[in-house]
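Colleague: I would like to learn how to read this model. Please take me through it feature by feature.

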Amino acid sequence: MLRAAEALHDALDPDRTYPFDFVAYRLTGYRRDYGDDSLLVGEAVAEDLRLLIDRLSRGLDLSPSDGDTRTVDQVAAALGVSTKTLSRWRKDGLRWRWVRPLPGARRVLGFPAAALDHYDRLRPGRLERAARFTAVSDEERAALLRRARRITERVEVAPRRVAEHLARRSGRAVETLRLLMARHDREHPDHPIFPDRGHPLTPRQRRVIARARRRGVPVSRLAERFDRTPAAIHRVLLDRRAADARRVDLTHVPHPQFDRPDAAEVYLRPIAGTARFTDPFPPDPSGDAGSVLPDDFPPVLRPLFAWQPLPPPALRSLVLRMNFLKHRAEQTRRSFAGRPARAAELSLFETDVAAAARLRGRLAAAHLPLTVSVARRQLVGQATSGPVELLRLVETALPVLTETLDRYDATQRPRLGSVLRNRLLRRFADTRPDPDHPARARRRESPEAAADRLLAEARRLGVGGSG
């Protein structure tokens with residue numbers, strides 16, 4: 001199969017499409033109906049074939065004489081290029097195989113003569129130019145570096161752009177010129193072409209960049225201030241966003257259905273029973289949260305408790321939607337684990353996290369009346385049962401409410417209200433105040449101060465969609 005894969009690789013036209021049956025026949029030598037009518041792009045098939053050749057040749061004991069194969073060092077010496085250049089050519093269409101130079105020796109990369117001929121047809125003139133390559137003389141190097149310095153003194157530009165400009169003028173490779181300038185800056189740190197580019201930004205500088213950008217400072221100004229290109233500043237900001245993304249708590253209840261191809265279409269569709277609302281959680285016009293609030297409840301908190309109760313089907317749909325958004329965000333976060341994150345990945349992650357947070361906050365707000373009801377019953381018969389004590393109990397209940405939403409499985413029984421009520425009763429029992437405790441002798445808190453503290457805790461947890 002190795003020879004069949006190599007022959008097919010060299011016969012493919014990168015710009016043409018090929019039926020799957022044709023590719024399978026050329027590889028296996030058998031004709032059969034695979035039931036696959038898809039068309040495969042030649043360039044993509046060739047890339048997969050190079051990986052297949054790599055895998056197959058690792059399992060064979062091929063010698064350099066097989067196919068007139070030369071090792072990577074021999075090809076580099078013959079063409080006058082570096083092994084890095086050959087690595088770039090491999091990504092650009094040059095196929096290879098693994099060979100043993102001597103019996104028992106370790107395998108090394110080799111390039112058959114047919115592979116080099118195919119690459120020369122695929123990229124006309126590249127091998128010839130490489131063979132004609134001459135080292136950069138001292139005079140030419142000095143002239144190139146002077147021209148690069150003049151460019152950087154006039155405009156703020158990345159090293160890659162300068163190398164591309166010089167390559168068009170000199171006929172040298174872009175990578176050659178980029179490495180030439182980088183080597184000069186390493187050897188002459190007191191007079192570099194690109195000041196400070198050899199030194200990475202410190203953690204403090206990265207924090208300053210992120211904070212300044214949040215305050216609206218343009219990227220161009222940050223690039224000028226820190227002597228970096230705008231692309232480098234964007235990379236710092238992306239790294240900062242990725243670091244923040246890795247710290248986000250995505251506690252949720254996963255379901256196998258979340259991994260279905262149509263999961264987004266199913267779980268993010270309009271919710272049954274709420275189509276008449278522009279918002280599935282409209283405030284209660286009466287503003288009394290079902291009359292569970294006492295008359296002396298602080299007015300500043302009443303809007304937080306004014307939400308329509310949800311019917312069980314809508315509640316189940318919203319909890320599943322919240323869990324799906326967290327699940328998708330977790331999958332997105334895993335996709336950039338161990339590598340720099342892309343802007344599109346971070347945008348999708350942040351969008352899903354924000355949508356899940358809004359859902360959780362509004363689900364929590366819809367259950368605040370139940371929280372108040374359970375808290376009021378705890379104060380029945382107690383000597384201290386004023387508004388301050390009620391507000392303290394509700395403040396204690398908020399983390400219980402949000403944690404219950406994070407861990408509630410909407411596909412199981414019992415219902416969310418029953419689970420929340422039982423957890424609140426256990427929490428209130430653990431935190432019941434002792435009237436003889438010395439802390440009771442401290443200065444009494446005003447209802448306004450207790451209300452402000454409760455409102456701040458609600459905002460911190462995102463209850464009501466405020467987070």
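Colleague: How many bridges join S3 to strand S5?

Modeller: Two strands pair if DSSP finds at least two bridges between them. Here three bridges join S3 to S5 (residues 108-112), and the two run antiparallel. Thr-71 has Gly-110 in S5 as its bridge partner. Strands are DSSP runs of E, at least two residues long, and helices are runs of H or I, at least four, numbered from the N terminus.

Colleague: What should I know about the source?

Modeller: This is a predicted model: local features need pLDDT of at least 70, side-chain atom pairs count only at pLDDT 80 or more, and totals for chains, interfaces and linings use all residues. Residues are numbered from 1 along each chain as its sequence is written, and side-chain values use heavy atoms, with hydrogens and water left out.

Colleague: What is the strand order of the open sheet?

Modeller: The order is S3-S5-S4, three strands with antiparallel pairing. Strands S3 (69-71) and S4 (97-99) are at the edges with a single partner strand each, so one side of each has no neighbour in the sheet. From one strand to the next, the twist averages 50 degrees.

Colleague: Which strands does helix H4 lie across?

Modeller: Angles run from 0 to 180 degrees between N-to-C directions, with axes fitted to C-alpha atoms, for helices over the stretch in contact. Contact means heavy atoms within 4.5 Å. H4 (residues 72-79) lies across S3 and S5, at about 85 degrees to S3. Helix H6 (residues 113-122) also packs on the sheet and touches S3 and S5. Its direction makes about 65 degrees with that of S5.

Colleague: How many aromatic pairs are there?

Modeller: Rings of Phe, Tyr and Trp (its six-membered ring) pair if their centres lie within 6.5 Å; planes under 30 degrees apart are stacked, over 60 edge-to-face, the rest tilted. That rule gives five aromatic pairs. One of them, Phe-258 with Tyr-267, is edge-to-face, at 5.0 Å centre to centre and 85 degrees between the planes. Ring pairs link Phe-258, Tyr-267 and Phe-324 into a cluster.

Colleague: Is Phe-258 buried or exposed?

Modeller: Buried means under 20% relative accessible area, exposed over 50%, partly exposed in between (1.4 Å probe, protein chains only). Phe-258 has 4% relative accessibility, so it counts as buried. Tyr-267, at 16%, is buried too.

Colleague: Where does the charged end of Arg-31 sit?

Modeller: The rule asks for NZ of Lys or CZ of Arg within 6 Å of the ring centre and within 35 degrees of the ring normal. Arg-31 sits over the ring of Tyr-25, 4.0 Å from its centre. Arg-90 lies over the face of Trp-96, 4.2 Å from the ring centre.
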